Each structure stands twice: as C-alpha cells, then as structure tokens.
Amino acid sequence: MIVDETQAREWIGAHDGFDPDTIGRLECFEVILRHECEKQNLVSARTLDEVWVRHFVDSLQLLRDVPRETSTWLDLGTGAGFPGVALAIARPDIAVTCVESRALRTDYLARVVGELDLENCKIVHSRLQDVKTAEYGAISARAFAPLPKLLDLSTRFSTRDTEWRLPKGRSAAQELEELRGWDHMFHVEQSLTDADAGIICGRLFGRKKGKRS
Ligand SMILES: C[S@@+](CC[C@H](N)C(=O)[O-])C[C@H]1O[C@@H](n2cnc3c(N)ncnc32)[C@H](O)[C@@H]1O
C-alpha cells in the first residue's frame, strides 16, 4: 500500500514502464493544478495534501496489466485530469482522449496539455453522449457514473479486446456483484492507494441477449 507522498514519488520514479520525464512533468502538472484549484473546484480540498498518492499514483496504477502494445485510451469525465492526463504523461506512446463536458475544466485541461507539451493527449469538450464512436484499446473512468450507466454510455467505444479500468472506491465489489445483463470478464483489483478501494478491471463482451438492464 502506498500511504504517503514520499512513497508515491518513489513508486512512480522506480516504475520502469513510465517515461523518464514522468516525475518532472507531474511536478509541473501539480503546480498548474494547485493554481487552478484557487479558481475552480477541481478536486476535494483534503486531497490537495496528498496529490501524489490520491491523484497521481491513483491514476497511474490503472496501467497495471494493460498490454504494452495498447496505443489508444479513452478517459471519461476527466475533470481535473484524472486519470487521463496523468496517464498521458507517463505513457507518451499511448494516444489518450479525455472527454469532459464542462468548459471551465476543458479550458484548464487544454492549458495543462499545452504547457506540458503533451502531444499524445487530446481534450474533447463534449458530453460523452455526443462524442463520435471510435474503438479504443483501453477505457477508464474515475468517479464518473454508476456502473450500469457507465457501460450504457460507453460500450460503443469498446471491442472485445478493450481493457477497462474503473476505479470505484469502496463500492467496487458491490457494483460488480449487482451488475446484470452484460457479458463481461470483469474482476475487482485492490487499489494501491486505499485498502478499502477497488478497481473494476477486465473486458466487456456486450449485452446479454434479450436483456435491457
Ligand atoms: C466527479 S468528477 C470526476 C473527475 C475525475 N475523473 C476525477 O476522478 O478526479 C466527474 C466529471 O465528469 C464530468 N461529466 C459528467 N457527466 C459527463 C458527460 N456526460 N460527458 C462528459 N463529462 C461528464 C463532470 O463535468 C466532471 O468533471
């Protein structure tokens, strides 16, 4: 378990799958995030004492067991940049598309992308419902929507090979247990940043025949 900011930095710095500039870019991202938090409500105030654990590691742990050749990633409701922008920083070889409906947030996200020169990160200002359908190698969503609604909205971006990574906090096991009407190979993985939190991981094959809920 990663419990403090020092451990979080060490975990990221020691990760041989991440870009060598990851720590430096995350430091720049942190500066912009803190500055922006004085102007708009982006993350809960108490998590600003633990940005590296609660946001950076919490985002980057989603790369665990994602095949190295994965080249496209869709992040739903990116908000302050999590997990989408953090993933784009650590993995410049993945084209990350971040969808966010609120203009104040996408203006800020576009500034982050510009200042960090993140050529692999595309910010889409739109409701997810209005985004053009395309297939992605991986899909993530943190604090976006309850699982059935999330799948309803985003299954059109998935193939049978798409890796889903859905941090769900304490409700992960229950949300998965209660999911009905979908063929999937999801399971819950323990979060590295919170002993009580889980991440729904795996693949989605589509709706069960004849089911609508
Ligand atoms: C609770 S925040 C989570 C933000 C970020 N993923 C995080 O974990 O820090 C949910 C975000 O999803 C965005 N959102 C909600 N519904 C959306 C939709 N239909 N399409 C795109 N973005 C949406 C909201 O504007 C908000 O920024």
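A: First, the ground rules. This is a predicted model, where local features need pLDDT of at least 70, side-chain atom pairs count only at pLDDT 80 or more, and totals for chains, interfaces and linings use all residues. Residues are numbered from 1 along each chain as its sequence is written.

Let's go to helix α3, residues 51-60. Helices are DSSP runs of H or I with at least four residues, strands are runs of E with at least two, and both are numbered from the N terminus. In α3, 10 of the 10 residues are buried, so the helix is largely enclosed by the rest of the structure. Buried here means that 20 or more other C-beta atoms, placed from the backbone, lie within 10 Å of the residue's own. The buried set includes charged names such as Arg-54 and Asp-58, along with Trp-52, His-55 and Phe-56.

What do they pack against? The buried residues of α3 pack against α1 (5-14), α2, α4 (84-90) and β5 (163-169), with a contact meaning C-beta atoms, placed from the backbone, within 7 Å.

Take α1. Its axis and that of α3 come within 9 Å and cross at roughly 25°, with axes fitted to C-alpha atoms over the stretch in contact and angles running from 0 to 180 degrees between N-to-C directions. That makes α1 roughly parallel to α3, the word for angles under 35 degrees. The crossing is left-handed, as the near helix is turned anticlockwise from the far one by less than a right angle. On the α1 side you'll find Glu-5, Ala-8, Arg-9, Trp-11 and Ile-12, and on the α3 side Trp-52, Val-53, Phe-56, Val-57 and Leu-60. That contact divides into 8 nonpolar, no polar and 2 charged residues; Ala, Val, Leu, Ile, Met, Phe, Trp, Tyr, Cys and Pro count as nonpolar, Asp, Glu, Lys and Arg as charged, and the others, Gly among them, as polar.

Now α2 (residues 22-37), which has a partner of its own: the axes of α2 and α5 (residues 103-116) come within 10 Å and cross at roughly 150°. That makes α2 roughly antiparallel to α5, the label for angles over 145 degrees. This crossing is right-handed, the clockwise case. Arg-25, Cys-28, Phe-29, Ile-32 and Glu-36 of α2 meet Tyr-108, Arg-111, Val-112, Glu-115 and Leu-116 of α5.

Methods. Angles under 35 degrees count as roughly parallel, over 145 as roughly antiparallel, 65 to 115 as roughly perpendicular and the rest as oblique. Two residues are in contact if their C-beta atoms, placed from the backbone, lie within 7 Å. A residue is buried if 20 or more other C-beta atoms lie within 10 Å of its own, exposed if 12 or fewer, and partly exposed in between; C-beta atoms are placed from the backbone.
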